[in-house]
Amino acid sequence: MNESLFEPVKIGRNEAANRLFMAPMTRSRAYGGRPDGRVAEYYGQRASAGLIITEGIQPSVRGQGYIDTPGLHDAAQVEAWKPVTDAVHERGSLIFAQIMHTGRIGHPVLYPDGGLPVAPSPVASGEQLFDGSGMVPHPVPRELTVAEIREVVDDFATAAENAVAAGFDGVELHGANGYLINQFLSDESNRRTDEYGGDAERRSRFAIEVVDAVADTIGADRTALRISPSNGYNGISQSDPVGQYTTLLRGLAHRSDLAFLHTAQIGGDEHTPLLRRLWEGTLVVNPATGLDLSSVEPALERGADAVALGAAWLANPDLDARLRSGADLNEPDPATFYGGDHTGYTDYPYLAGA
């Protein structure tokens, strides 16, 4: 494995001990919307990563898209995250909260008022949600008004402020994988003709406003953005990803001092060289899925400043040591990815003698 992977890298106002980051992964074990001791143990076990990016955390009640996912929109949630950030810091790593408003990837069963999920336009995802007993289709979402869009922007900023209060080193705004920011960027899900839709520049407006609001609240050097130009997850599509993401990054040129830009290569890596040319700041690449790490070194060679891995960290709390020594990797158990107890969560074995 490329030795540069284990060299320090600057992440905003901090320095990560290595360039092997842990990517965000929903685990649906935040019962009652708050992390508990198991969550602190899970992240603490993996704190040899240079940076941990948490599972998606909803910035509001209506931002939730899955059962048993955590929030950062009330005082009890802020307090519940403090043992998690402490566990990671005690072991010498950094931790960013990923703020994820799922938009149309939600369902009335998740909300106390039984209302509809919200989105840029009333266009259903075509996908389904697990409601605790079975799969149910995502409904047609309610279109956000301009006034409501501004409220959602404020929700992101407040959640970021709450993250800092909970001890996080920064936040990553989830603009990928078919969630709300991505829905505004997509001409499939965004059919608006006002200032938030109609062409690439206006479709970029919501993402830029969220980045600006969060950066103005907690500092650009504690703010990151995740995108996925090629990803069709959650029914999302984009007719001209090159044009859309070129427009987005040009609109964010004044924010090159962000902690990092994170691109997920799910669906293909053909856009990453373009992103590297357009983005002057730190670039984090999520280059692989599962245990196939063959694309890690090419990502670094093509200009990534760090790589973020998911399932490999999920199943290997000592992933860095295994990569250094060439040891075999534990296989992840998909049956335990979402929900449950410690099984498939905090019980993956370390290398013998570790």
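How many helices and strands does the chain have? This predicted model contains 11 helices and 14 strands. The radius of gyration is 19 Å, close to the 20 Å that the globule rule gives for 354 residues, so the chain is as compact as a globular protein of that length. Along the principal axes, the C-alpha atoms fill a box of roughly 60 × 45 × 35 Å.

Next, the interior and the contacts. Of the 354 residues in the chain, 60% are buried. Sequence separation tells a further part of the story. Take the contacts between residues at least 6 apart in sequence: 70% of them join residues at least 24 apart.

Now the surface and the charges. The chain exposes about 13,000 Å². Carbon and sulfur atoms supply 48% of that area. There are 28 positive side chains and 48 negative ones. The centres of these two sets lie 2 Å apart.

Helix H1 gives a local view. This helix spans residues 37-45. Which residues of H1 are buried? They are Val-39, Ala-40, Tyr-42, Tyr-43, Gly-44 and Gln-45.

Definitions and conventions
Residues are numbered from 1 along each chain as its sequence is written. This is a predicted model: local features need pLDDT of at least 70, side-chain atom pairs count only at pLDDT 80 or more; totals for chains, interfaces and linings use all residues. Side-chain values use heavy atoms; hydrogens and water are left out. Helices (H or I, at least four residues) and strands (E, at least two) are DSSP runs, numbered from the N terminus. The radius of gyration is taken over C-alpha atoms; the globule rule is 2.2 Å times the number of residues to the power 0.38. Buried means under 20% relative accessible area, exposed over 50%, partly exposed in between (1.4 Å probe, protein chains only). Contact means heavy atoms within 4.5 Å. Accessible areas come from the Shrake-Rupley method with a 1.4 Å probe; for residues, only the protein chains shown count as cover. Lys and Arg count as positive and Asp and Glu as negative; His and the chain ends are not counted. The place of a charge is taken as NZ of Lys, CZ of Arg, CG of Asp or CD of Glu.
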